[in-house]
Amino acid sequence: MTSRPAYSSFAWAYDTTIEEATESRIHFITSMLRRRKLPSNAYIFDAGCGTGSYSIALGQKGLTVLGMDSSTELLEQAKQKLIFTRTPHVRFIHGNLLTEPSDIKVDAVLCRGVLGDILVKEDRQKVLEHLADILRASQGTLIMDVRNWETTRSCTELSWQRTYQTTRGELFFAQDISFATHLPQTLDVKETHKLKSSAEEQIASHTFQLYTWRPYELCQALAEAGFKDITLTGGYEEQSLPKTTQWLVAVATKRE
Ligand SMILES: C[S@@+](CC[C@H](N)C(=O)[O-])C[C@H]1O[C@@H](n2cnc3c(N)ncnc32)[C@H](O)[C@@H]1O
């Protein structure tokens with residue numbers, strides 16, 4: 001079990017606190033897969049699928065999806081959503097991207113928000129190599145995102161906080177983000193959850209590090225892991241330039 005409350009004791013609140021425009025991103029993802037000549041019923045591996053929002057949205061578009069995550073609690077949320085939405089052809093499994101043997105073969109891999117959680121350079125490279133391994137050769141496509149160091153480092157305010165009304169009570173969530181002093185290209189993130197219900201107040205505070213990537217470094221790591229035709233954008237919009245946002249989205253094809 002991970003010690004980060006967002007991935008464990010507060011996994012139930014993950015979708016509430018991490019709000020995302022999933023629909024427009026799914027549009028970008030499916031059009032990238034079409035452009036790289038993948039069939040409309042392609043088999044997708046959602047590496048580090050979390051609560052499965054993207055796996056389920058892709059399943060609803062007719063794709064077959066296998067989602068994997070190392071957090072049992074987030075996977076539980078994913079499985080509940082799968083039952084609730086009755087989405088066919090989507091399956092979730094527990095696993096660690098650093099250690100899993102690659103006996104799965106898929107047409108495409110989606111890996112969102114995962115490579116920032118892995119702080120050791122060799123481990124990040126190992127994950128990229130595993131992702132290349134499970135892709136079928138020639139048209140196998142990877143779509144992944146990370147945080148861009150080049151743009152993040154010039155931001156003066158990265159911290160944010162918000163309060164939400166949930167079925168369990170009022171939830172306060174904050175991310176206090178600063179630049180790590182001892183690790184290069186790394187952010188210190190102090191995450192706080194405070195849940196106030198009529199019966200009690202539950203507080204969880206946790207500090208962790210998040211690795212951010214330089215665009216050139218990401219291209220180089222992907223090429224070393226066996227990818228070609230790498231394109232970078234600043235988000236899930238084709239026109240979004242890498243310099244303009246704090247994010248980097250890479251689309252790449254596995255080499256023969
Ligand atoms: C920021 S969340 C993103 C979740 C999901 N991809 C999404 O876009 O909603 C990162 C996810 O990566 C998972 N993760 C981190 N390291 C992992 C590893 N070594 N193996 C499997 N999953 C991992 C975490 O448990 C978490 O669910």
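Reader: Why does Asp-229 count as exposed?

Author: Because Asp-229 has 11 C-beta neighbours inside 10 Å. The general idea is a count of other C-beta atoms, placed from the backbone, within 10 Å of a residue's own: 20 or more is buried, 12 or fewer exposed, and in between partly exposed. Keep in mind that this is a predicted model: local features need pLDDT of at least 70 and side-chain atom pairs 80 or more, while totals for chains, interfaces and linings use all residues. Numbering runs from 1 along each chain as its sequence is written.

Reader: What is the phi of Asp-229, and where does the residue sit?

Author: Most residues other than glycine have a negative phi. Asp-229 has a positive one, near 45°, and belongs to strand E10 (residues 227–233). Helices (H or I, at least four residues) and strands (E, at least two) are DSSP runs numbered from the N terminus. Lys-37, also not a glycine, has a positive phi of about 65°; its place is the loop between helix H2 (22–35) and strand E1 (43–47). With 12 C-beta neighbours inside 10 Å, Lys-37 is exposed too.

Reader: How many residues of helix H3 are buried?

Author: Seven of the eight in H3 (residues 53–60), among them Tyr-54, Ile-56 and Leu-58. After H3 comes Gly-62, with a positive phi near 100°.
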